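These are my notebook entries on one protein model. I set down what I looked up, entry by entry.

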Amino acid sequence: MLRIAIIGYGNLGKGVEKALLKRKDAEIVGVFTRRSPDTVNTLGTSVHHMDDLLSYKDAVDVAILCGGSASDLPVQTPEITKHFNTIDSYDNHALIKNHQENVDAASNNTTSIISCGWDPGIFSIQRLYVESILGVQNQTFWGEGVSQGHSDAIRRLDGVIDAIQLTVPKDAAMQKARLGESDIEDKHKRVCYVVTDREDKSVLASEITTMPNYFEPYETEVHFVTQDELNLRFPTMPHGGFVIGSDETSTMEFSLKLKSNPEFTAQVLVAYAYACNRMHQEKIYGAHTVFDVAPKYLMPDAYGIL
């Protein structure tokens, strides 16, 4: 029985709980949150304050961290890795190597798998296949859908009450990728819907569009809306995307179409939690990415699907 602690209970944490409740070989030790536990309504899982996490050290096999990449995971993952095996979905591509180094330095005979999700994560593996098999550069397209990481980055700005960022791939760019063109720069636009009480909306819009690693240098639109308008426009959090590679004779294309971005990401985190536990049992310590995880660790009988 795999014993899991869920760290944080936003959309991703809720998805992890839902995914784990489907598993007969997993036990949720509890949800651990910085909020007052009596304000958190789960699907039946017990809720504890983060300050109590360390007292559960011997009762938890893997801690799944469900915070945001902008400010939560860079601090939480190294700190919790000192005492627990960990999984996170850190998604700032430009800083993944630095994050891995920080988590690895914190490891104390613990095992961590960082940046588990669909991108980075599942799409990272598909990009590797395209480039190693065809010998051509892949083209990755995200959307149309809601990006959790980018939305969270906007919500961290002063005066932002709520925000959703929609990533939209450009059809013309996708067709170029299928034809084998590699020099494709203008592939997406990012559309931001922001609820704020700030009066200097033009300044806030500039803070968003110039945010490094998230919006700059992408084509970005910022629309200010009310909370009711945002809720009506985005009752769910769909997403998806494509990895495309093409040479003179072959095209490799992988796609995902997700009704719920956080629920699918949660399912990936849970799958890699099993791998993390198995690697730890084999004394494979330190911080790893999906490239370091052999497929056999993801399921008990890997030969059953060959």
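Entry 1: I listed the contacts of Ile64 (contact: heavy atoms within 4.5 Å), leaving aside neighbours within four places in sequence, and found Ile4, Ala5, Ile6, Ile7, Val16, Ile87, Leu269, Val270 and Ala273. The model is a predicted one, in which local features need pLDDT of at least 70 and side-chain atom pairs count only at pLDDT 80 or more, while totals for chains, interfaces and linings use all residues. Residues are numbered from 1 along each chain as its sequence is written, and side-chain values use heavy atoms, with hydrogens and water left out.

I then looked up the nonpolar cores, each a set of buried Ala, Val, Leu, Ile, Met, Phe, Trp, Tyr and Cys residues joined through side-chain atoms within 4.5 Å. Buried means under 20% relative accessible area, exposed over 50%, and partly exposed in between, with a 1.4 Å probe and protein chains only. The largest core has 33 residues, and Val16, Ile64, Ile87, Ile113 and Tyr272 touch the most other members. Strand 1 (2-7), helix 1 (11-21), strand 2 (26-33), strand 4 (62-65) and helix 9 each give at least two residues to this core. Helix 9 provides its largest share, 10 residues. Helices (H or I, at least four residues) and strands (E, at least two) are DSSP runs, numbered from the N terminus. I also noted a second, separate core of 17 residues, which includes Leu53, Ile80, Ile96 and Ala287.

**Entry 2: the second largest pocket.** I used a 1 Å grid over the protein atoms alone, on which a pocket is an open set of points where a 1.4 Å probe fits, with protein on both sides within 12 Å along at least five of seven lines; lining residues have an atom within 4 Å of a point. The second largest pocket has a volume of about 290 Å³, where grid points are joined across faces, edges and corners and the volume is the space filled by probe spheres set on the points. I found 14 lining residues, of which Ile122, Ile125, Tyr272, Pro295 and Leu298 lie nearest the centre. Helix 4 (122-133) and helix 9 (261-281) are the elements that give two or more residues to this lining. By class, the lining holds 13 nonpolar residues, one polar and no charged. Here Ala, Val, Leu, Ile, Met, Phe, Trp, Tyr, Cys and Pro count as nonpolar, Asp, Glu, Lys and Arg as charged, and the others, Gly among them, as polar.

**Entry 3: Asn85.** Is Asn85 buried or exposed? Asn85 counts as buried because its relative accessibility is 7%. I located Asn85 in the loop between helix 2 (73-81) and strand 5 (86-87). For polar contacts I required a pair of N or O atoms within 3.5 Å; within protein, one must be able to donate a hydrogen and the other to accept it, and residues adjacent in sequence count only if both atoms are side-chain atoms. A polar atom of the Asn85 side chain lies 3.0 Å from the backbone oxygen of Asp61, and a polar atom of that side chain lies 2.8 Å from the backbone nitrogen of Thr111. Beyond four places in sequence, the contacts of Asn85 include Cys276 and His280.

**Entry 4: backbone exceptions.** I found a cis peptide bond between Asp119 and Pro120, with omega about 0°; Pro120 is in the loop between strand 6 (111-113) and helix 4. The bond from Gly143 to Glu144 is also cis, with omega near 5°. Glu144 sits in the loop between strand 7 (139-142) and strand 8 (145-146).

Ser115, although not a glycine, has a positive phi of about 55°, and Ser115 is buried at 4% relative accessible area. Lys283 is likewise not a glycine and has a positive phi of about 60°. Lys283 counts as exposed because its relative accessibility is 62%.

**Entry 5: helix 5.** How many of the eight residues of helix 5 are buried? I found seven of the eight buried in helix 5 (148-155), namely Gln148, Gly149, His150, Ser151, Asp152, Ala153 and Ile154. Their cover includes helix 1, strand 8, strand 9 (160-169), strand 10 (188-196), helix 7 (201-209) and helix 9.
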